[in-house]
Amino acid sequence: MTKPATGAPKASGKPSSGAKSAPDTSDPDAGGKPAAAAPAGTPAAGSPTASSPAADKPAAGTIPPSQLTASPGGRAANPLRDPADRRLPRVPEPCALVIFGVTGDLSRKKLIPAIYDLANRDLLPPGFVVLGFARRDWGDGEFEEVAREWAKNGARTQWREDAWERLSENIRFVAGSFDDDEAFDHLAGALKELHDEHGILGNAAFYLSIPPALFPMVLNQLERTKMADSTTSGGWRRVVVEKPFGHDVESSKELNRLVDNVFTADDVFRIDHYLGKETVQNLLALRFANQLFEPVWNAHYVDSVQITMAEDVGIGTRAGFYDKTGTARDVIQNHLLQLLALTAMEEPVSFSSEAIRTEKLKVLHATKIPDDLEHDAIRGQYEQGWLAGQRVPGYLQEKDIPPDSTTETYAAIKLGVQTRRWAGVPFYVRAGKRLPRRVTEIAVLFKRAPHLPFADTDTEALGQNQLVIKVQPDEGMTMKFGSKVPGSAMEVRDVAMDFLYGEAFTESSPEAYERLILDVLIGDATLFPNADEVEASWVVIDALEDYWEGTAPHKYRAGEWGPKAADEMLAREGRTWRRP
Ligand code: BG6
């Protein structure tokens, strides 16, 4: 389908015909009207879905609004609807999502497919618009064509032509570079048009899917054009910042200052996509909804924790970024320290974003690097090797990597959490590229029973009890414990009990970006680290980076589980890495 883009200079002046026609082809339940003119029956203001026509759509198993008794004022009062009920699908208010850097990889692989999946699940309001902004000379409808391909290739849910057709009516493109005032004026104009013609109510989220070096320029433009200003727009204005949030504590503070100057702190959403993963959120359910685990979740019972993020891929085409970054800054500062924080945190007083962030922050402040950095903070770099039957090049042979680079592609660090609960328990975190397979897990390893009333030979095959939270790819949880081997002798051996998301639930897990984009549009910041968390994480990483500066990483062959020094690190303490 082809329709006029809102691209510069076409965006100026009159609303595009696409903008005019869009409401008519949107959700029929909404009568093709923007929410500003929503019919009676719109949920009461103050409810999480207030003024969203789509919010009136019944969730599977709920009663359609048409069958509910109307209140004296003519509004359908839903006696079964409790705003605090988190099981009901949450639908954002009409709004625009502006993506800067929309032609990039993230947008192609994650953002556009996630937006399609949300639309396909009826989780976007009819008055929802995607506005792509990039330096690309795309003409009418070209962005939409490209986006269609991306959505089709990356969608998690089934492809439904009608769902795409509805969404595509609301896809616009503004061409321009970040230093181009005129292009930003056009963008501001396009948002105004959408406000008037499309009923987005002045609501817009700006997604900075761009290199951090360009943040200041884009933020200044958003400030100059008043696009960041919710008072002028009459709706909410939010900004979404992709990692990396700086490259050390100083630069992250600077970045936070910059963003907070233009947007209010509550409107800044820092994406760590690991927090959008279902299994990561399950950590909170597992720990705080059950009675079973809490009594043993401490230094009295836990011997150690191993957090592993292994990837079989190399650095791909990201040489420029990766060589300046390395594993610790790329994934430990954010994903792994967040996993550690969720594993170690105290119970939050509520499930509000503030309460959860407060508890995570305490852990990050209490996280300490090892005294013996030489032996307990190991860096590695892959050499050529074999993976899945294919010969793969070493890091130094990758395109655009300097032959003398000392950037790490693997890191294993022994961290401590200095609190009463965790004193003395090592948290071993490791992450690496070109490891044998892609797997992320958190393994809590328990101490051995203080006394075993068996003959030594009976328990030779008994290891440590383990609780393993499998973040990906086989989402779920495994519990390992000793069990009697059938027979006349008393022989105890490790067995595993598995919970698999794929088997326990019929619904497949949403992609992390689906959840996070939806939360941004709804304004729920629970799954987004705040500035303090980001800075506290950098404090940990900076100390390591300082030590590593000028040292060379250990080598490991692609397809192996990291350098020998990482195995020796655990062996010195009588431990071994779990083989995920
Ligand atoms: C990103 C890192 O944050 O996470 C990448 O920059 C890494 O280097 C990616 O490959 C892994 O994400 P996932 O969801 O595939 O584990």
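**Before you start**

This is a predicted model, in which local features need pLDDT of at least 70 and side-chain atom pairs count only at pLDDT 80 or more, while totals for chains, interfaces and linings use all residues. Residues are numbered from 1 along each chain as its sequence is written, and side-chain values use heavy atoms, with hydrogens and water left out.

**Exercise 1: An overview**

Task: Find how many helices and strands the chain has, and what percentage of its residues count as buried.

Solution: 
- Step 1. Start with the secondary structure, which comes to 16 helices and 18 strands. Both are DSSP runs numbered from the N terminus: helices are H or I with at least four residues, strands are E with at least two.
- Step 2. Turn to burial: of the 580 residues of the chain, 54% count as buried. Buried means under 20% relative accessible area, exposed means over 50%, and partly exposed is in between (1.4 Å probe, protein chains only).
- Step 3. Look at contacts, meaning heavy atoms within 4.5 Å. Among contacts between residues at least 6 apart in sequence, 77% join residues at least 24 apart.

**Exercise 2: Salt bridges**

Solution: 
- Step 1. Recall the term: a salt bridge is a side-chain nitrogen of Lys or Arg within 4 Å of a carboxyl oxygen of Asp or Glu. The structure holds 31 of these salt bridges.
- Step 2. Check the pair: the side chains of Asp303 and Arg575 meet at 3.0 Å, N to O.

**Exercise 3: Another salt bridge**

Task: Locate the partners Arg166 and Asp122, and decide whether Arg166 is buried or partly exposed.

Solution: 
- Step 1. The closest N and O atoms of Arg166 and Asp122 are 3.9 Å apart, and the two form a salt bridge.
- Step 2. Arg166 sits in helix α4 (residues 161-168), while Asp122 sits in the loop between α2 (105-120) and β2 (128-134), so the pair ties together parts 44 residues apart in sequence.
- Step 3. Arg166 is partly exposed, with 28% relative accessibility. Asp122 is partly exposed too, at 35%.

**Exercise 4: A helix pair**

Task: Describe how α2 and α14 pack, giving the angle and the distance between their axes.

Solution: 
- Step 1. Two packed helices are described by the angle between their axes and the distance between the axes. Axes are lines fitted to C-alpha atoms, for helices over the stretch in contact, and angles run from 0 to 180 degrees between N-to-C directions.
- Step 2. For α2 and helix α14 (residues 512-522), the angle is about 70° and the axes are 8 Å apart.
- Step 3. α2 and α14 are therefore roughly perpendicular. Angles under 35 degrees count as roughly parallel, over 145 as roughly antiparallel, 65 to 115 as roughly perpendicular and the rest as oblique.
- Step 4. Find the residues that meet: among them are Leu106, Leu111 and Ile115 in α2, and Tyr513 and Ile517 in α14.
- Step 5. Sort the residues of this contact into classes: eight are nonpolar, none polar and three charged. Ala, Val, Leu, Ile, Met, Phe, Trp, Tyr, Cys and Pro count as nonpolar, Asp, Glu, Lys and Arg as charged, and the others, Gly among them, as polar.

**Exercise 5: A strand residue**

Task: Find which residues Phe481 touches, not counting those up to four places away in sequence.

Solution: 
- Step 1. Phe481 is in strand β16 (residues 476-484).
- Step 2. Phe481 counts as partly exposed, at 28% relative accessibility.
- Step 3. Leaving out residues up to four places away in sequence, Phe481 touches Asn465, Arg493, Asp494, Val495 and Met497.
- Step 4. Gln466 is 15 residues from Phe481 along the chain, and their C-alpha atoms are separated by 6.9 Å.
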